Amino acid sequence: MGCCGSTSGVSNPQQSLRSDQEYARRLQQQENQRAAQAGGRTGTQERQPAWSSAGTGHSLGGGNGSGADANLSPEERRQRALEAAEQRSLNVPGLSREKAAELRDKQQREELLGKLTEHYTKKRKDPPM
């Protein structure tokens with residue numbers, strides 16, 4: 001009931017539920033009709049890749065997986081990956097080689113100081129600095 005005993009502003013929840021269900025049925029029927037007209041396909045289904053037919057892909061390192069690279073031991077592969085990472089760090093876009101080397105040295109120095117500080121903190125001693 002509404003204010004002062006009137007029922008004019010109160011809706012019937014059962015009637016609202018029925019109208020919502022009818023609306024949902026109509027929308028679903030329209031969607032099914034459109035799907036049937038399109039041959040049962042939607043736009044997203046056409047673009048999805050078929051993973052069962054996907055190839056093996058490429059491995060990192062620039063090689064094609066054949067030749068001399070295929071016979072490398074795991075240690076040699078790690079070494080080559082390390083060398084490739086070092087080359088990438090030398091060729092930082094937007095920085096000169098000198099500035100990149102300076103930043104790398106500064107970072108390395110800070111990492112080593114952090115390790116020393118951590119070591120002396122664990123031993124509960126003051127660092128000799």
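**Salt bridges in the helices**

E102 comes out as partly exposed, with a relative accessible area of 49%; here buried means under 20% relative accessible area, exposed over 50%, and partly exposed in between (1.4 Å probe, protein chains only). The model is a predicted one, so local features need pLDDT of at least 70 and side-chain atom pairs count only at pLDDT 80 or more, while totals for chains, interfaces and linings use all residues. Residues are numbered from 1 along each chain as its sequence is written, and side-chain values use heavy atoms, with hydrogens and water left out.

Side chains of opposite charge can pair when their charged atoms come close. The structure has three salt bridges, a salt bridge being a side-chain nitrogen of Lys or Arg within 4 Å of a carboxyl oxygen of Asp or Glu.

E102 takes part in one of them, with K99 as its partner and 3.9 Å from N to O. K99 is partly exposed too, at 36% relative accessibility. Both residues sit in helix 4 (residues 97-122), three residues apart, or about one turn of the helix. Helices (H or I, at least four residues) are DSSP runs, numbered from the N terminus.

Helix 4 also holds E118 and K122, four residues apart and separated by about one helical turn. Their side chains form a salt bridge at 3.6 Å, N to O. E118 is partly exposed at 45%, whereas K122 is exposed at 64%.

Over in helix 3 (residues 74-90), R78 and E75 lie three residues apart, about one turn of the helix. Their salt bridge has its closest N and O atoms 3.0 Å apart. R78 is exposed, at 52%, and E75 is partly exposed, at 47%.

Methods. Helices (H or I, at least four residues) and strands (E, at least two) are DSSP runs, numbered from the N terminus.
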